[in-house]
Amino acid sequence: MSSTPTDTKGKDRARAAARARAQRAPVYRRSADFRWTHDPEQCARCKRCVQQCGFKALSWEDGPVVDPEKCVGCHRCEMFCPQQAIAVVPQVQHYRPHPLWTQAHRQNLYLQAETGGVLLAGMGNDLPYPVLWDNLLLDACQVTNPSIDPLREPMELRTYLGRRPDAVEVTLGGDGPELATEMGPTLELETPIIFAAMSYGSISLNAQKAIAMAAEECGTLWNTGEGGLHEDLKPYAHRAFVQCASGRFGVHADYLNAGAAIEIKIGQGAKPGIGGHLPGEKVSAEVSETRMIPVGSDALSPAPQHDIYSIEDLRQLIYALKEASNYEKPVSVKIAAVHNVAAIASGIVRAGADMVYLDGFRGGTGAAPTIIRDHLGIPIEIAIAVVDQQLREEGIRNQASIIAAGGIRSSADAAKAIALGADAIAIGTGALLALGCTLCQKCYTGRCSWGITTQDPALTRRLDPYVGSRRVGNLLRGWSAELEEILGAMGVNAIESLRGSRERLRGVGLDKTTLDILGVKPAGVGA
């Protein structure tokens with residue numbers, strides 16, 4: 001049916017009205033977070049910056065051209081420029097200052113008004129909450145209790161994780177004293193530092209292999225995360241926590257028996273109370289085979305474990321896993337540090353767990369809703385102190401080891417965590433930084449210029465696992481040497497002597513309530 005002239009004019013008027021409405025409608029264009037600058041006089045025109053950008057922010061048109069909205073500040077181009085002709089700096093915005101509506105609040109609101117979606121973030125909480133590690137100071141010896149020189153005296157960092165009996169019986173045999181008490185399975189570490197859970201899929205195989213090799217070399221443990229165990233990593237499985245999370249990805253009898261220990265993941269510090277999500281873009285054929293899910297499908301971990309709704313249910317799973325592993329593997333339970341963490345940890349220990357893994361609200365993640373990451377949970381410093389104290393008061397502290405994670409930045413933080421009550425600490429973000437991560441916080445995009453949090457073969461091959469394992473191993477060796485120096489300065493020669501010794505800590509700039517919760521005296525107060 002042909003249109004009459006009247007119909008045509010009506011349609012033209014409708015189109016014109018639609019264009020006018022579109023022009024009046026506020027369209028949010030995300031302001032660039034970083035300003036990419038380039039000195040053309042210094043440029044060697046090698047195009048290396050374009051080749052190295054994993055986020056496709058750079059193109060070449062008789063020189064490098066940047067799409068400012070795609071630049072995430074990973075600094076890969078800047079570091080690989082042979083002429084040092086590139087600089088990537090934070091972009092200064094010019095919103096009118098407002099004490100309530102900060103720049104970040106406004107940008108997030110504009111973006112959600114445009115998309116109607118949930119804002120995602122990677123890595124850990126980056127809001128300026130107080131970092132309690134920086135308000136705690138360690139003791140040192142002077143005259144009456146002299147310090148120890150770690151270069152001349154043996155220092156013991158060896159740590160054992162697992163359940164300890166209330167008492168031990170010793171019998172005298174023909175060959176001397178013999179231990180009569182039956183001991184449960186324990187883990188022996190050469191240093192009280194282990195690696196946090198980071199699954200294959202959330203990080204690349206090369207990144208996970210580098211960490212596994214470093215754990216093997218340094219006599220410590222790594223963690224498979226909830227993504228199963230890749231075939232290439234089975235030679236390092238005897239140094240691994242194998243994780244059993246709500247999605248049960250890659251979990252089977254051989255997997256459970258391959259590791260040194262089994263971990264039940266209940267919560268994660270970066271996203272307490274919610275599940276996990278690995279986008280389908282990161283589920284390659286190898287990730288699919290390891291996780292036992294279809295290629296390209298989203299790997300969704302439910303918020304709760306659907307067979308755990310009480311401590312009794314948790315106890316059943318703990319003993320099911322112990323049964324499946326012939327009672328030869330200690331079982332750990334990982335929880336996020338939340339307000340009632342002490343009572344939860346007590347129930348976990350009484351349910352039969354051999355270790356409690358506490359993950360503070362600054363813990364890293366591959367992807368989490370920004371609102372959850374930034375506003376749920378409590379600091380790991382508080383969680384360690386209250387859990388250690390609760391277990392001591394109930395007389396069950398010997399029945400489980402405490403592993404602390406979520407914001408451990410240095411050997412000093414590790415020593416303070418152990419003094420607050422942890423048996424060992426776990427590092428995740430620190431290990432990724434050792435591999436080259438620059439904390440651009442875009443892990444959830446699957447585009448990582450450093451080959452760490454991506455499954456793109458063109459990007460993953462940038463990370464050499466052998467070079468990476470050497471760097472991560474160097475980090476552990478450096479921290480371990482510093483721990484020996486700290487112990488020597490405090491006049492003790494074994495890390496076990498520091499565990500839970502809050503008398504060796506003092507607080508600076510902390511209010512009385514916080515000091516009381518931590519169980520720490522203010523600086524200037526003697527023994």
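**Helix packing and an open sheet**

Helix α9 passes helix α11 in a right-handed crossing, a crossing being right-handed if the near helix is turned clockwise from the far one by less than a right angle, and left-handed if anticlockwise. This is a predicted model, in which local features need pLDDT of at least 70 and side-chain atom pairs count only at pLDDT 80 or more, while totals for chains, interfaces and linings use all residues. Residues are numbered from 1 along each chain as its sequence is written, and side-chain values use heavy atoms, with hydrogens and water left out.

Helices α9 and α11
- The two helices, α9 (residues 341–350) and α11 (residues 380–393), pack at an angle of about 50 degrees with their axes 8 Å apart (axes are lines fitted to C-alpha atoms over the stretch in contact, and angles run from 0 to 180 degrees between N-to-C directions).
- α9 and α11 are therefore oblique to each other, since angles under 35 degrees count as roughly parallel, over 145 as roughly antiparallel, 65 to 115 as roughly perpendicular and the rest as oblique.
- V341, A342, A345, S346 and V349 of α9 meet A383, V386, V387, Q390 and L391 of α11, where contact means heavy atoms within 4.5 Å.

Helices α12 and α15
- Helix α12 (residues 411–420) packs against helix α15 (residues 465–490) at about 55 degrees, with the axes 9 Å apart.
- The contact is made by S411, A412, A414 and A415 of α12 together with W479, E482, L483 and I486 of α15.

Sheet
- An open sheet of 8 strands has the order β11-β21-β20-β18-β17-β14-β13-β12, with parallel pairing (two strands pair if DSSP finds at least two bridges between them; strands are DSSP E runs of at least two residues, and helices H or I runs of at least four, numbered from the N terminus).
- Strands β20 (residues 401–405) and β21 (residues 424–427) run parallel and are joined by 3 bridges, and A404 has I425 in β21 as its bridge partner.
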